[in-house]
Amino acid sequence: MENSEGVKIESTVVTEEPLISALDIALFVVIITVAYFWYFRRDKQSSSSEKKPYTIQPSSLSSIEQTSNSSFIKKLKSTGRSLVVFYGSQTGTAEEFAGRIAKEGARYKMKGMVADPEECDMADLVEMKEIQKSLAIFCIATYGEGDPTDNAMDFYEWLQNGDADLEGLNYAVFGLGNKTYEHYNEIAIYIDQRLEELGATRVHEIGLGDDDANIEDDFVSWKEKLWESVCSHYGIEETGEESNIRQYKLVDCSEVLPERIFSGEISRLKSYENQRFPFDVKNPYLSKIAVNRELHKSGDRSCMHIEFDIDGSKMRHDTGDHVAVYPKNSSELVDKIGELLNADLDAVFSLLNTDEESSKKHPFPCPCTYRTALTYYLDITSNPRTHIMKELIEYASDPKDQEKLKLMASSTPEGKKEFHEWILRDNRNIVHILEDLPSVKPDLDHLCELLPRLQCRYYPISSSPKVYPKSIHITAVLVNYTTSTNRVNKGVATNLLAQLIPTNDELPQPTIPIYIRRSQFRLPPKSQTPIIMIGPGTGLAPFRGFIQERDYARKEGREIGEMVLYFGCRKKDEDFIYENELQEYVANGTLTKLHLAFSRDQPEKKYVTHLLEQNADELWNIIGEKSGHLYVCGDARGMAKDVHSIIVKVVMEKGQMTNSQALNYVKKMEQQKRYSADVWS
């Protein structure tokens with residue numbers, strides 16, 4: 001017999017046991033079965049790997065870099081390169097500029113590569129001197145309130161905290177910023193100065209690009225002078241006329257299995273069908289639209305209140321954070337490109353880097369159809385940059401169209417003027433260009449290579465996770481406007497969102513990919529700290545979350561500080577958004593004061609800035625006498641600048657300070673996070 005563990009117990013009756021028992025046979029069969037399935041599963045995976053050239057790489061580094069501990073130095077040495085261009089990019093522009101510089105290096109006998117500092121061991125910069133005639137260029141954007149971009153944060157902190165000996169490193173820096181923001185190109189300026197402090201040699205003076213004006217013009221002008229400095233520094237000459245060399249080659253993927261074809265995913269194939277936590281920029285969450293309602297009461301403009309369902313996603317956020325929304329281009333524009341170029345948009349293709357050692361194998365997830373690329377991956381609504389004009393020249397059969405493109409691609413004063421007027425002022429996108437220059441018929445695969453990536457759109461979250469833990473709210477104005485060529489341009493994200501209306505029946509609810517982006521726009525740690533919030537229009541969005549959170553604390557029995565809100569819109573009866581909610585918060589005491597400015601409800605315009613000037617005593621009482629916090633959200637170009645000037649003036653007058661002392665006081669408030677701005681231009 002057997003005990004409870006299946007072990008044989010001797011019996012007084014002795015019987016002859018067989019050499020192989022039934023249990024042994026059963027175990028043998030199980031082992032053989034497992035081995036069989038393991039072998040054929042491995043064989044299947046091996047077969048699948050043969051299709052790997054057609055899939056997007058999960059990171060921006062090649063296998064060579066990954067196996068060499070993220071060493072870009074080893075990559076440079078093993079591939080005979082001497083130029084590396086690093087980028088700090090939040091929207092893709094800095095990465096695009098970096099690619100253009102690396103490509104042009106060939107004209108100056110400098111084989112280049114583009115590198116993401118987040119994926120590299122930047123301490124290897126000390127070894128750049130080991131490579132003859134080497135050069136490191138940094139295309140660095142400043143983001144938020146003078147912050148590094150997400151992918152440049154580690155590099156920035158390494159420079160701040162380290163003291164590496166960078167003697168022998170040759171470098172140049174181009175910054176991407178916006179003059180409407182207070183911390184204009186702050187990160188690029190710091191990196192440029194810090195590299196010099198650590199012993200590096202500046203080959204060319206820093207370039208500062210202003211996105212509020214014409215950052216393309218700034219970049220091209222700087223780049224031309226950069227190469228002059230490079231030639232002088234290294235004693236080299238340009239190899240001749242620049243030729244348009246394709247970075248990617250077309251691969252016919254008509255035979256690829258359907259399950260291996262991307263259909264809009266950002267990185268991982270089938271990621272929207274098989275959602276996996278954590279969710280981020282490369283792995284967004286496909287959220288259902290729970291609520292989509294109009295906030296404006298009347299008028300011809302639209303402002304939407306939208307709620308994204310995040311129940312079960314495990315996504316976490318704080319009040320004041322942003323939500324990133326991945327849009328898609330309208331089918332109308334996509335079809336128009338196919339029609340203008342007489343192309344089969346449903347053909348499956350891949351673009352494969354002609355440089356086999358490049359860390360970027362594809363410009364976007366491949367393989368996919370042209371329709372997918374134009375819908376989900378490529379920006380077809382923004383103004384194309386001058387390098388695209390240059391690449392289109394060879395496709396123009398009409399001499400007049402050729403001359404026009406040549407002029408706009410040039411750096412002459414006449415060329416810059418024509419580009420500014422015909423592209424920027426008239427707001428033409430690639431569809432408009434192909435319509436207005438009918439002889440220009442680029443190969444669709446080349447056009448897909450040239451166009452920049454479609455970027456996600458960021459919105460301040462207008463809800464508190466303590467009050468709404470299962471949803472994220474945003475407040476978005478529908479963007480529609482008529483250009484000087486009588487074309488109607490539509491905002492990519494807001495027009496898509498306007499179409500995503502949830503239904504009350506059992507039909508599948510509309511969805512859209514999202515992820516959370518952290519922000520420094522935060523309530524004070526102590527709920528008793530008084531705050532002033534200035535947010536006209538949709539600038540109210542994050543403050544709705546602030547008020548909800550303080551109201552939640554009050555209902556829990558905690559003491560809350562004064563909350564003063566300045567809100568403005570055109571007309572009270574037209575676009576006073578969240579009116580009932582705000583009035584209720586005033587009634588229950590959560591919102592101490594609500595200052596309202598309706599600019600068009602009286603003959604003379606009235607804005608929140610006028611109210612701030614009238615309430616100097618209240619402002620100083622909170623930010624000066626009570627050490628409260630002040631927040632600004634909305635337009636950077638006008639409103640935020642005016643608010644800053646008014647605050648400095650109030651500090652001068654009520655705090656009895658000189659202009660210099662007042663500026664230092666406000667600067668200190670910013671450093672202490674007592675003066676925070678979440679603004680856009």
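Predicted model: local features only at pLDDT ≥ 70, side-chain atom pairs only at ≥ 80, totals over all residues.
User: What makes the space lined by Asn-214, Glu-216 and Asp-217, among others, a cavity?

Analyst: A cavity is a set of points where a 1.4 Å probe fits but cannot get out. A search of the whole structure finds one such space of 30 Å³ or more, and the largest cavity has a volume of about 110 Å³.

User: Which helices and domains supply the lining of the largest cavity?

Analyst: Helix H7 (215-234), helix H11 (399-409) and helix H12 (413-425) each give at least two residues to the lining. Domain 1 (72-234) and domain 3 (329-454) each contribute at least three residues. Among the lining residues are Val-220, Thr-386, Met-408, Lys-416 and Phe-419.

User: How is the lining of the largest cavity divided into nonpolar, polar and charged residues?

Analyst: The lining holds four nonpolar, five polar and three charged residues. Gly-415 lines the cavity and is counted as polar because the polar class includes Gly.

User: Why is helix H20 called roughly perpendicular to helix H21?

Analyst: Helix H20 (residues 616-625) and helix H21 (residues 636-654) pack at an angle of about 85 degrees, and their axes lie 10 Å apart. Angles of 65 to 115 degrees count as roughly perpendicular, so H20 is roughly perpendicular to H21.

User: What residues meet where H20 and H21 are in contact?

Analyst: From H20 come Ala-616, Asp-617, Leu-619, Trp-620 and Ile-623, which meet Ile-647, Val-650, Val-651 and Lys-654 of H21. The residues of this contact comprise seven nonpolar, no polar and two charged. Asp-617 and Lys-654 belong to the contact and are classed as charged because Asp and Lys count as such.

How values were computed
Residues numbered from 1 in each chain as written. Heavy atoms only, no water. 1 Å grid on protein atoms, 1.4 Å probe; cavity = no way out; pocket = protein on both sides within 12 Å on 5 of 7 lines; lining within 4 Å. Points joined across faces, edges and corners; volume = space filled by probe spheres on them. Helix = DSSP H or I, 4+ residues; strand = E, 2+ residues; numbered from the N terminus. Domains from an automatic or database assignment. Axes fitted to C-alpha atoms, helices over the stretch in contact; angles between N-to-C directions. Parallel < 35°, antiparallel > 145°, perpendicular 65-115°, else oblique. Contact = heavy atoms within 4.5 Å.
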